[in-house]
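This report covers local backbone geometry and helix packing. Please keep the structure in view while reading.

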Amino acid sequence: MTVQGLPMVVPAEELPARVRIYEVGARDGLQNEKATVPTETKAEFIHRLADAGLTTIEATSFVHPKWVPQLADAEELFPRVSELPVALPVLVPNERGLDRALALGADRIAVFASATESFAKANLNRTLDEALAMFEPVVERAKAQNAHVRGYLSMCFGDPWEGPVPVPQVVRVCRALMDMGCDELSLGDTIGVATPGHVQALLLALNEAGVPTHNLGVHFHDTYGQALANTLAALQHGVTTVDASAGGLGGCPFAKSATGNLATEDLVWMLRGLGIDTGVDLDRLIATSVWMADRLGRPSPSRTVRALSHKEQ
């Protein structure tokens with residue numbers, strides 16, 4: 001498999017020189033799979049992603065197996081990848097999950113909050129404020145152990161039960177997570193309804209509320225084909241951390257209207273054309289996604305993987 005051609009590099013004004021891709025394929029990407037993905041396959045997937053140049057790879061989630069069965073092997077998986085020279089964040093839902101993660105030496109923790117009451121109820125069976133109260137000791141204890149803490153915020157732009165989410169509502173929850181001590185926030189468009197103007201309006205409102213752009217990342221789903229446009233809008237605002245999933249894997253098990261994440265290959269293609277450095281080897285990344293698609297028994301939804309891979313999927 002070889003790449004046939006690369007985009008012409010035409011830099012645009014006032015964009016970052018480098019973007020950190022926060023790779024979520026091994027966790028967010030695989031958590032929805034109906035068939036169990038073997039631990040060995042997950043471990044090899046993460047090793048291949050690291051070999052392709054990705055430096056932040058979310059490894060797994062220390063959630064109760066009842067809720068996300070695909071990630072029930074967190075204790076078995078993490079030691080198989082923990083020696084890689086990359087950042088390996090893990091998701092923890094509560095203090096018990098934090099204990100499990102810290103026991104294995106995890107030093108990058110993520111919590112998963114919601115911007116809406118409906119999704120907090122569906123995902124965590126709590127009100128929004130009850131969920132925030134649950135995360136507070138998790139963040140405090142993680143910081144006490146010198147761990148880096150990311151706060152995911154889902155439903156930042158739209159909610160399948162509540163519709164469009166008011167910007168001030170999202171800002172309030174973001175501010176609460178930052179006040180707890182989160183080092184960075186990931187703004188999630190869980191059902192993929194955001195458009196570029198909405199993205200920039202939220203980022204501006206967060207800045208006005210005292211949340212600096214350098215503490216923000218973006219996490220777009222491509223339900224309506226807007227993920228790259230929304231990413232570009234975030235880059236124009238100065239965001240330099242973008243979540244993406246190799247091969248476009250993933251969705252959300254608690255929001256049935258959520259389709260796949262922004263594909264890492266599609267993101268790398270756009271960034272390369274803009275002259276923005278990512279450190280990612282696109283050939284190796286495509287080969288990795290083709291390899292994983294073979295193991296999952298279906299073609300990769302990434303347009304770039306399909307366009308540049310000779311392998312019949």
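E14 lies in the segment before β1 (20-23). Helices (H or I, at least four residues) and strands (E, at least two) are DSSP runs, numbered from the N terminus. The model is predicted: local features need pLDDT of at least 70, side-chain atom pairs count only at pLDDT 80 or more, and totals for chains, interfaces and linings use all residues. Residues are numbered from 1 along each chain as its sequence is written, and side-chain values use heavy atoms, without hydrogens and water.

Most residues other than glycine have a negative phi. Two exceptions follow. Exposed means over 50% relative accessible area, buried under 20%, partly exposed in between (1.4 Å probe, protein chains only).

| Residue | Phi | Relative accessible area |
|---|---|---|
| E14 | near 60 degrees | 73%, exposed |
| N146 | near 60 degrees | 69%, exposed |

N146 sits in the loop between α6 and β6. Helix α6 (residues 128-144) has 17 residues. Its first and last C-alpha are 25 Å apart, close to the 24 Å expected at 1.5 Å a residue (1.5 Å times one less than the number of residues). Among the buried residues of α6 are L128, M134, F135 and V138. Their cover includes α4 (95-103), β5 (108-114) and α7 (167-180), with contact meaning heavy atoms within 4.5 Å.

The axes of α10 (residues 264-273) and α11 (residues 282-296) come within 10 Å and cross at roughly 165 degrees. Axes are lines fitted to C-alpha atoms, for helices over the stretch in contact, and angles run from 0 to 180 degrees between N-to-C directions. α10 is therefore roughly antiparallel to α11 (over 145 degrees). The α10 residues in contact with α11 include V268 and W269.

Notes: Angles under 35 degrees count as roughly parallel, over 145 as roughly antiparallel, 65 to 115 as roughly perpendicular and the rest as oblique.
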